[in-house]
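Hi,

Here is the structure I promised to pass on.

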Amino acid sequence: MRLYTTILCAGCACVLFLLGMPGGIAYAAGAPGGFIETPATAQGRPLLSSSQIESLLPNRGKFTFPAPYNTEAFRLTNPSDCGGNDCVHYVGYSYWRNTNNHVGQDTMLILVGLRRTQGGSGPSLVAYNKVTDQIEPLGPIFNQNSSFSWANAEGMYFSGTLPTALYVVEGSRLLRHDVLNGSSETVFDVSAELGGGYRIFQAHSSDDDRVHSATLQNSAYQSLGCVVYREDRDEVLVFNRQGNFDECQVDRSGDWLVIKENVDGQAGEDNRIINLDTGNERVLYDQNGAGGHSDLGHGYMVAADNWANDANTQKLWKFDGPLQGTPVYNNDDWSAQAPAHVSHTNSIPGVSAENQYACGSSANSRTSTHANEVVCFPLSGTKETLVVAPVMTSLSAGGGGDTYGKSPKGNLDVTGRYFIWTSNMRSDRLDVFLVKVPAHLLTGEEPEPVPPPPPPPPEPTRPPLIFKDNFETDPA
């Protein structure tokens, strides 16, 4: 195997580590452990006890979950990263990828948030060697003089294509930051397009780095709507809010936009689904099954439907046809959310949704079906569930702060073979964990997917800005 060395200068420290040359190896194929359940056979499993967790976990590195899971996992952080404090910030959210595009490389780069206010070093990198299963902390991503070093890393996310590119929001700008050489470039700046007094929040990018979306806010942090930047066309689209605005997200193809807001003022949050090529917009109302917690694939959405007849129903919604969701997961307990957050950051272009899967996680005080586990399910509607690992989180323990902070809002890597989340281990602090997903139990053996090609350069001429719903450019 050919290797080359890379020097990582993160903050003031330089770390030497190895990256593999492309070799087409499916590193996590056939990962051990895991088991399949159906709604008819599923059962609740008690939380691991404090003594079980203490005897199970290494200081840092690889371990194996006990039966019936038997999956291989890794502890990525420990008390020494925080000076003994509770500095680990929860994994940002199920749709923000904390792992880089490591396809064809020996090493995966992992983003963890170690809050400086609690003794950590800020947003930091951890390296996982897929050949040796070694875990190596690489230190802070940003120089300690940078304001970014005080961030908790929530809302930062790795590119689906570029192995070293991390997306970061700074006021009115979306930046693409290279975690190896420390350089940053501005992807777009809304102040340059709309004038001063604006900022962006909760950014998302298509997996080919072509299209980007973000919530548009004024200087008082009030949400005004959604802004989309098409980098390949150097084009800005602005969609004014129509109701109680929550967030917006471009899908992984860059062709569709989903805006979550209560449009009709009834029931709950609705989904505005917009074709970014044609401008055609349809509304999926909450009472008709609009997605709550969700993630987007290439032209479709996997989302919870709290109006369904079965408990904890997750549905697949395709955007290019009738907005009729297909149930792909449910269980039998209305009193516990499972999974509470679903991740489909492993979506593959050119592969039908029915041949793919999503994963999710949750933590509940109640012991019931999948209530405190990492689980995966196919999008084909077979209702099979792959049980991967216990989350090891107790909502009554102190680590993680409030219930939301304790919730394991994990996400998948680009291959769908690794899942990352945070757990308080029934203790007074959070740590970050990574588990190998035995996805072959759902799909059969598959190689790592080939990443999409880099985006084409922007067109030389600049089209005019496009505003929807007569959006006013003056925030005052």
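**Around E373**

Leaving aside residues up to four places away in sequence, E373 touches R45, Y69, G360, S361, S362, V387, A389, P390 and V391, where a contact means heavy atoms within 4.5 Å. Before going further, a word on what this is: it's a predicted model, so local features need pLDDT of at least 70 and side-chain atom pairs count only at pLDDT 80 or more, while totals for chains, interfaces and linings use all residues. Residues are numbered from 1 along each chain as its sequence is written, and side-chain values use heavy atoms, with hydrogens and water left out.

Back to E373, which sits in strand β28. Helices (H or I, at least four residues) and strands (E, at least two) are DSSP runs, numbered from the N terminus. Is E373 buried or exposed? It's buried, at a relative accessible area of 3%; the cut-offs are under 20% for buried, over 50% for exposed and partly exposed in between, with a 1.4 Å probe and protein chains only.

T369 is in the loop between β27 and β28. T369 also counts as buried, with 7% relative accessibility. The T369 side chain has a polar contact with the side chain of D332, at 3.4 Å. Again skipping residues up to four places away in sequence, T369 touches A42, Q43, G44, N331, D332 and A338.

**The cores**

The largest nonpolar core holds 29 residues, and F65 and W421 have the most contacts inside it. A nonpolar core here is a set of buried Ala, Val, Leu, Ile, Met, Phe, Trp, Tyr and Cys residues joined through side-chain atoms within 4.5 Å. At least two residues of this core come from each of α1 (50-56), β27 (357-361), β28 (373-378), β29 (385-390), β31 (418-423) and β32 (431-436). β29 gives the most, with 4 residues. As for F65, its contacts beyond four places in sequence are L56, N70, T71, A73, A389, P390, M392, W421 and V435. There is a second, separate core of 20 residues, which includes F188, A203, A214 and V236.

**Two open sheets**

Two strands count as paired if DSSP finds at least two bridges between them. A304 has Q314 as its bridge partner in β24.

The other open sheet also has 4 strands, in the order β10-β11-β12-β13, and its pairing is antiparallel. β10 and β13 (184-189) are the edge strands, each pairing on one side only. β10 and β11 (residues 165-170) run antiparallel and are joined by 2 bridges. The partner of Y157 in β11 is Y167.

S147 lies in the loop between β9 (135-140) and β10 (157-158). S147 is exposed, at 55% relative accessible area. S147 and G122 are 25 residues apart in sequence, with 9.8 Å between them in space, C-alpha to C-alpha.

**Whole chain and confidence**

The chain has 4 helices and 33 strands, and 59% of its 476 residues count as buried. Of the contacts between residues at least 6 apart in sequence, 55% join residues at least 24 apart.

pLDDT (the predictor's confidence in each residue, from 0 to 100) averages 88 over the chain, and 87% of the residues score at least 70. It stays under 50 over residues 460-467, with 16 contacts in the model beyond four places in sequence. pLDDT is also under 50 over residues 469-476, where the model has 17 such contacts. Where pLDDT is low, the predicted coordinates should not be read in detail.

Cheers

Terms used. A polar contact is a pair of N or O atoms within 3.5 Å; within protein, one must be able to donate a hydrogen and the other to accept it, and residues adjacent in sequence count only if both atoms are side-chain atoms.
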